[in-house]
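Please look over the sequence and the model shown here before reading on.

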Amino acid sequence: MTEETFLKGLNTLYIEDPETGCWNWKKGIHHTGYGVVDINSKQYRVHKLMYILINNYNPTKEELVCHSCDNPPCVNPKHLLLGTSQSNMTDMVIKGRWKGGWKSTLNGGSFKGSTNNKAKLSEEQIPLISQYKQKIKTDILIANEFKESA
Ligand SMILES: [Zn+2]
């Protein structure tokens, strides 16, 4: 698919599990269990793309996008957090960092300080991301609000 198909149709490409809140990717699953998508003939891991989209932060080689729900096909940004190969997902510092990033991004703020210096926007990889970023955030906001009030 193209970037546009992916970004526009994002919220139709996963199924929310009402029990866990997981957004289970339904388009393609890698043999490792992660959701994958082909954009312009390049394969991307969807949970990583979601993390980049929401946090405006492109993880380094040492950093992994982990699942707090332990469910590899899940692409719910609320279930994604940054870890390293040494300290996986039990690290509370990492969870704190993720929480702050999530909230500040949702509130329309941006990263401040050192995080911002490290931040590398993904627009170079997927140019249309900037165009649809706001739409995706809005979709996610709506989904979360809906869930919390339900
Ligand atoms: Zn999940």
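The sections below go from the whole chain to single residues.

## Basis of the report

This is a predicted model, in which local features need pLDDT of at least 70 and side-chain atom pairs count only at pLDDT 80 or more, while totals for chains, interfaces and linings use all residues. Residues are numbered from 1 along each chain as its sequence is written.

## The chain as a whole

The chain holds 5 helices and 6 strands, where helices (H or I, at least four residues) and strands (E, at least two) are DSSP runs numbered from the N terminus. Along the sequence their pattern is α-β-β-β-β-α-β-β-α-α-α.

Of the 150 residues in the chain, 26% are buried; a residue is buried if 20 or more other C-beta atoms lie within 10 Å of its own, exposed if 12 or fewer, and partly exposed in between, with C-beta atoms placed from the backbone. Two residues are in contact if their C-beta atoms, placed from the backbone, lie within 7 Å, and among contacts between residues at least 6 apart in sequence, 49% join residues at least 24 apart.

F6 lies in helix α1, residues 3-8, and is buried because 22 other C-beta atoms are within 10 Å. Leaving aside neighbours within four places in sequence, F6 is in contact with M1, V37 and I39; F6 and I39 are 33 residues apart in sequence, yet 7.5 Å apart in space, C-alpha to C-alpha.

## Two loop residues with positive phi

S41, in the loop between β3 (36-39) and β4 (42-45), is not a glycine but has a positive phi of about 70 degrees. S41 counts as exposed because it has 6 C-beta neighbours inside 10 Å.

D70, in the loop between β5 (63-67) and β6 (80-84), is also a residue other than glycine, with a positive phi near 65 degrees. D70 counts as exposed, with 11 C-beta neighbours inside 10 Å.
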